[in-house]
Amino acid sequence: MRIGSRTIKTALGTPLAIWMAQLLELDNFASAGIVTILCIQVTRKRSLLSAWHRFAACMLAILYSFIFFEGLMGFTPLAIGVMLLVFIPTTVRLKITPGIITSSVIVLHLYTFGKIDFSIVWNEFLLIVIGIGIALILNIYMPNLERSLEEYQMDVEDCFSSILKEISLYLKEEKYAWAGEELTRTAELLEEAKALAYKQVENRLLKPHHPYYHYFHMRTKQFELLEQMLPLVTRISQYDEYASKIGDLFEDLSGAVHPGNTAVLYLRKLEELRNYFKEEPLPESREEFESRASLYQLLNELEDYLIIKRSFKRSDI
């Protein structure tokens, strides 16, 4: 069983927060550990947002508790219900709803005390600050995901290469059969890779962009085009020199799947192939016409595929 970094930080931070609260002789000291648990998140950005949501909601809860308990309705269960009817919509309006659970604990603390004065508010404030502070300090460290992203990149490129190779063989060999398992594998890899890349983006607070995130987004758009090409390929019934030449282009592309930008070279080859088609005699039969139309549309899709790659900035990958 693998133990993740978030679990380790939770196991370290919770007792540390409780110990600090005990050291300061705070009432309800265990609540500091609860705040730490809630504020430790999978990325730095989420941790900061979680800390802000909980701090803001708790401060608002203290204010509302003073108004309803001390000012309007006293320390009664009915006062808690009425206060929550006002408090929860306010958190929704202020977009701090993740802090509702933590702030509810603070409200119940104040209700249990039976009064609200400076020392009690200071006690709750310190519980919140200790819990949030420990979580933020621990979340400064986040595991580096670069190596995992690089592995995903290589796996995705291997799948792209295989798909392009299979399309090439399908175009050049009349009785060639392909199960298409690489398509499912590629879709899974791209979803996992994008999720991991997004986590890395959220860990870079001062640099909100990450080259791998843009890279996998680019590959996703290319993959959508590859999926659109397959029905065109299966419609081809004439396996002639036209299909073979396009198959050769796909074969060349299958050996050039990498972050480097070679799209300009292949766009030039594609244009040469398109000009070659224009100079050839028109198809004589309906079957030949339909095959030629599918091939020409296939070139259009391939052109879009290459244009997407041309627009990609390699950056640090």
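This is a predicted model: local features need pLDDT of at least 70, side-chain atom pairs count only at pLDDT 80 or more; totals for chains, interfaces and linings use all residues.

Me: Which residues does UniProt list for "transmembrane region"?

Reply: The unreviewed UniProt entry gives residues 61-88, 94-113 and 125-142 under that heading. In the model, residues 125-142 are 78% helix and 0% strand, with 27 Å between the end C-alpha atoms.

Me: How does one describe a pair of aromatic rings?

Reply: Such a pair is described by the distance between the ring centres and the angle between the planes. Here the count comes to 11 aromatic pairs, with centres required to lie within 6.5 Å. Tyr64 and Phe68 are 4 residues apart in helix α3, so about one helical turn separates them. Both Tyr64 and Phe68 are buried.

Me: Why is the pair of Tyr212 and Phe216 stacked?

Reply: The pair counts as stacked because the planes of Tyr212 and Phe216 lie at 20 degrees, and the cut-off is under 30 degrees. The ring centres of Tyr212 and Phe216 are 6.1 Å apart. Helix α9, residues 211-234, holds both residues, and their spacing of 4 residues means that they are separated by about one helical turn.

Me: Are Tyr212 and Phe216 buried or exposed?

Reply: Tyr212 is buried, because its relative accessibility of 7% falls under the 20% limit. Phe216 is buried as well, with a relative accessible area of 0%.

Me: Which residues form an aromatic cluster?

Reply: One aromatic cluster is formed by Phe55, Phe118, Trp122 and Phe125.

Me: Where does the charged end of Arg274 sit?

Reply: The charged end of Arg274 sits over the ring of Tyr296, at 5.7 Å from the centre of that ring. Arg219 lies over the face of Phe160, 5.3 Å from the ring centre.

Me: Finally, which residues make the nonpolar surface patch?

Reply: Leu63, Phe66, Ile67 and Leu72 make this patch, which covers about 380 Å². Of these, Ile67 belongs to helix α3, residues 44-72. Ile67 has a relative accessible area of 34% and is therefore partly exposed, since this value lies between the limits of 20% and 50%.

Definitions and conventions:
Residues are numbered from 1 along each chain as its sequence is written. Side-chain values use heavy atoms; hydrogens and water are left out. Patches are made of residues with over 30% relative accessible area and no salt bridge: like charges are joined within 9 Å, nonpolar side chains (Val, Leu, Ile, Met, Phe, Trp, Tyr) within 5 Å. Accessible areas come from the Shrake-Rupley method with a 1.4 Å probe; for residues, only the protein chains shown count as cover. A salt bridge is a side-chain nitrogen of Lys or Arg within 4 Å of a carboxyl oxygen of Asp or Glu. Helices (H or I, at least four residues) and strands (E, at least two) are DSSP runs, numbered from the N terminus. Buried means under 20% relative accessible area, exposed over 50%, partly exposed in between (1.4 Å probe, protein chains only). UniProt positions are given in the numbering used here, feature names are shortened, and annotations may be inferred rather than shown by experiment. Rings of Phe, Tyr and Trp (its six-membered ring) pair if their centres lie within 6.5 Å; planes under 30 degrees apart count as stacked, over 60 as edge-to-face and the rest as tilted. A charge sits over a ring if NZ of Lys or CZ of Arg is within 6 Å of the ring centre and within 35 degrees of the ring normal.
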